[in-house]
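Please read it alongside the sequence and the coordinates.

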Amino acid sequence: MRTLRVSGVAVRVHVRACLVVTCLIAAAAGLGLLALSTGTAVSPAGALRTLLGRGDAASELVVYAFRAPRTLLALLVGAALGTGGAVVQSLSRNPLGSPDVIGVNAGAAAGAVLMLLVVGGASTTAVSLASLACGLGSGLLVYALSFRRGVQGARLVLVGVGVTAMLNALISYLLTRAELDDAQGAKVWLIGSLAGAGWDRVWPVALAVAAALPAALAASRAAALMEMGDAAAGALGVRVERLRLTLLLAAVGLSGVAVSCAGPISFVALAAPQLARRLTRAPGPGVAASAAMGALLLVAADLLAQRLPTPGQLPVGVLTAGVGGLYLAWLLHREWRPAGR
């Protein structure tokens, strides 16, 4: 940790964390550039020239119309999920705390399935809005049910697990009662995919990240104090419940928008903050590092999903769920193994 003075203002900087964030952003940008050329005749160098305004008409069509929306959506959704996971894990003081666990993703999925199977004939915009509204609603419901003279981390996670189970039961019921073709279409959405992404799916996530990420970064110092306990944070002048609700709304909003635009992509929100914290070794939620790690993980997973030799293109949600399941098993083993082993 170093103190820098800029125009007479002292700013404390964690040097290792800054270097890690810079490297993660550079790696995510590099993979994003590689993703722009995947499945096309445009090379990574040609894609870079096109982005700099020096490409020909054919390259501009391929990059801007077909490849850029999917790549940007992967980066933005990954950043949104990583930020949401970092905030929830910091608030719950639990490495298993994430929007996947506390019901946000399940609520957003339930809203989309209701529109697809019950309303029927709904537009993509209507499905996304219903998904976002239900994701926000489920997150607030978990907060309300967890509130008892404050919100404790363990209670938040346990209530979230219960709400998630009930919402998944509702989704399963709707799938069993739907027509086969409708259920198949809903199931594809529930897996989580970035295929066919257009600019209409990019802008909502971009706006959400632009609004919520700076707010989470500004509140990260106070959130680090809350990790010492509510009493200690309150003694240091932190308005604990107001800050907790504000951060939770930011996390729920980011995750809800991400799920509404890309489907419930699993485990990115769970793994990104843990991996970022192990790299930075910095206190606090590590919002910037988690956002950069989430973007890197999702763009890498989507690039791998496009290049795997499978019959048909593999949805990115399948890949993240498979790898994330292994990571969760490792995390559970590491957190709850007997002392001294």
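The model is predicted: local features need pLDDT of at least 70, side-chain atom pairs count only at pLDDT 80 or more, and totals for chains, interfaces and linings use all residues. Residues are numbered from 1 along each chain as its sequence is written, and side-chain values use heavy atoms, with hydrogens and water left out.

**Helix pair**

Helices here are DSSP runs (H or I, at least four residues), numbered from the N terminus. Helix α4 (residues 104–119) packs against helix α5 (residues 124–146) at an angle of about 145°, and their axes are 7 Å apart. Axes are lines fitted to C-alpha atoms over the stretch in contact, and angles run from 0 to 180 degrees between N-to-C directions. Among the residues of α4 that meet α5 are Val104, Gly107, Ala108 and Met115; the α5 side includes Ala126, Val127, Cys134 and Gly139. By type, the residues of this contact are ten nonpolar, six polar and no charged. In that count Ala, Val, Leu, Ile, Met, Phe, Trp, Tyr, Cys and Pro are nonpolar, Asp, Glu, Lys and Arg are charged, and the others, Gly among them, are polar.

Helix α11 (residues 240–262) has 23 residues and reaches 33 Å from its first C-alpha to its last, close to the 33 Å expected at 1.5 Å a residue. Of these 23 residues, 18 are buried, so α11 is largely enclosed by the rest of the structure. Buried means under 20% relative accessible area (1.4 Å probe, protein chains only). Gly263 follows α11 and has a positive phi, near 85°.

The largest nonpolar core has 74 residues, of which Leu73, Val77, Val205 and Ile265 touch the most other members. Helix α11 gives the most to this core, with 13 residues. Such a core is a set of buried Ala, Val, Leu, Ile, Met, Phe, Trp, Tyr and Cys residues joined through side-chain atoms within 4.5 Å.

Ser255 lies in helix α11, whereas Asn94 lies in the loop between α3 (57–92) and α4.

| Residue | Relative accessible area |
|---|---|
| Asn94 | 18% |
| Ser255 | 0% |

Contact means heavy atoms within 4.5 Å. Not counting residues up to four places away in sequence, Asn94 touches Gln89 and Val157, and Ser255 touches Leu81, Gly84, Pro99, Val104 and Asn105. The C-alpha atoms of Asn94 and Leu156 are separated by 9.9 Å, at 62 residues apart along the chain.

How values were computed
Helix = DSSP H or I, 4+ residues; strand = E, 2+ residues; numbered from the N terminus. Buried < 20%, exposed > 50% of the residue type's maximum accessible area, 1.4 Å probe, protein only. Expected span 1.5 Å × (residues − 1).
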